[in-house]
Amino acid sequence: MKRFTRRQIIITAAVVAALAVMTGGYLYYAKTYGNASKITLYDTASPDYDWQQLAADNNIVSDYLWSKTQSLMVTGASDGVLIPTSYTIAGRLVTQEASESGIYDLSDQAGLLSCYVRAGNRSSAARLKNTVNERFATDSGLYLSRIGSDEDITAEEDNLDWLEAYLEYYAVYGTSDDYVAIKALTGKLFDTDGQIVPESLTVAHYVDTMYASVDDSDGNGNGDGGDASLEQIYGALVGEDQNEEVSRNEEDASVSGVKLSNVRLKLIYDLEHNNLLPQGSYDSALATVQGGIANADIPLYAYAYTVTDGSVSYIYTSEEDAAISVSESVATMRNLAEMEQLDEASYNSLRNLVLNTGIIDTYYYITTGNYSGTEAVEAYPDAMMVAFYMGDKDLYNALCRCVGSRVASKSSSPALYMIYREENGRYVFYAGENLSVRLSVG
């Protein structure tokens, strides 16, 4: 009988072990990645060097902004994985210490995930994704909108933000488990016809006219598009002296509907073309969004819409009756521009507003025809992307100037290159704003 040498035994054992490892590795890969459905996303460009240079000329340096946001609000913060909603740097007084909010919004995690994916940081992206799936998930299948506070809500907008970012992550790094999670979340946010599931919205209205801001868009009860009249948008009090009536009769009401800015056209397109939504979902969504424009004289978009017996009705105002939210309208413009569907009138209204006044205001008041209110700083990243998609460097430059005026430039600042807001004499840095601006400059 042939005897094996010690060397032969060692070599044989090594080969067997190697085969076992290879087999195990193959089985793991096949289970984790091999069964993952292949998806492709609608190809949209990102700002390249020329656009990034425009931003840099206005103090917004993309790489520096991203690096500092990570170091100050993620790796150097208390959680180490999730990003808190805000960070307040130390004030001039000894008692004014630096502090984190201690609250973590799902939308902010979505922005952080997109930044990781676009930066090619697979390990950080996977770690964040896993943490969100563990800490934000609920038994209902939706994600909590925030953790770290007493609020326990699952808002549609935040879940849509996460679904968008998760789909972007999956297209590059996703596993079969991720596909299951994405499919499950899609099933919670959309019905079997591919329509976004309505949620409870708070809408300002007049007691005397009830849902004055809610009406069919064509004025004929058909709900099939067309121009809305001022009376439809504003209610029965149009043409009267409203000042006294507004303060006396305005109240908030709850209505079941869908925010128009939540109709993420690219997301719906991607879901449909990867068989996660039924055919026709995108065309239906596009028609709904395009039908939400107020009229030729007011080329702004509705706040939300409702569907009754297949008929679409639009709600044009939200927090304040007789006033259209400009930031909500700009977000809808971005959704349209991303798919090359933004109409010229709406685009020109935004362009003229920014180039003529230098800022984006919070409201457009229907009765006066004027923009007013505090500066809508949350609208700038969306507006920047509208300018980019429309190829308008003059508008993009003007918007970068608005944002760039709030970039921390003091060399000793721990938040150097980040974007701040001054609140009660303190400098506060919001995760959502810094992440969305970073994504808007490439």
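Which residue stands opposite Val312 in S11? In this predicted model, the residue opposite Val312 in S11 is Val307. Strand S10, spanning residues 304-308, runs antiparallel to S11, and the two strands are joined by 5 bridges. Together S10 and S11 form a hairpin with 2 residues between them. Within the turn, Asp309 adopts a positive phi of about 55 degrees.

Strand S11 comprises residues 311-315, and because 5 of its 5 residues are buried, the strand is largely enclosed by the rest of the structure.

The axes of helix H12 (residues 326-338) and helix H14 (residues 380-389) come within 9 Å and cross at roughly 30 degrees. Because angles under 35 degrees count as roughly parallel, H12 is described as roughly parallel to H14. The crossing of these two helices is left-handed. On the H12 side, the contact involves Val330, Ala331, Met333, Arg334, Ala337 and Glu338; on the H14 side, Pro381, Asp382, Ala383, Met385, Val386 and Tyr389 take part. By class, the residues of this contact comprise 9 nonpolar, no polar and 3 charged.

Helix H14 also packs against helix H15 (residues 393-404), with axes that come within 8 Å and cross at roughly 160 degrees. H14 and H15 are therefore roughly antiparallel to each other, and their crossing is left-handed. H14 contributes Tyr380, Ala383, Met384, Ala387 and Phe388 to the contact, while H15 contributes Leu395, Tyr396, Leu399, Cys400, Cys402 and Val403. The contact of H14 with H15 has 11 nonpolar residues, with no polar and no charged residues.

Most residues other than glycine have a negative phi. Glu340, although not a glycine, has a positive phi of about 60 degrees. Glu340 is located in the loop between H12 and helix H13 (344-357), and is exposed, with a relative accessible area of 68%. Asn424, likewise not a glycine, has a positive phi of about 55 degrees. This residue occupies the loop between strand S15 (421-423) and strand S16 (426-430). Asn424 is exposed, with a relative accessible area of 80%.

Conventions:
Residues are numbered from 1 along each chain as its sequence is written. This is a predicted model: local features need pLDDT of at least 70, side-chain atom pairs count only at pLDDT 80 or more; totals for chains, interfaces and linings use all residues. Side-chain values use heavy atoms; hydrogens and water are left out. Axes are lines fitted to C-alpha atoms, for helices over the stretch in contact, and angles run from 0 to 180 degrees between N-to-C directions. Helices (H or I, at least four residues) and strands (E, at least two) are DSSP runs, numbered from the N terminus. Angles under 35 degrees count as roughly parallel, over 145 as roughly antiparallel, 65 to 115 as roughly perpendicular and the rest as oblique. A crossing is left-handed if the near helix is turned anticlockwise from the far one by less than a right angle, and right-handed if clockwise. Contact means heavy atoms within 4.5 Å. Ala, Val, Leu, Ile, Met, Phe, Trp, Tyr, Cys and Pro count as nonpolar, Asp, Glu, Lys and Arg as charged, and the others, Gly among them, as polar. Buried means under 20% relative accessible area, exposed over 50%, partly exposed in between (1.4 Å probe, protein chains only). Two strands pair if DSSP finds at least two bridges between them.
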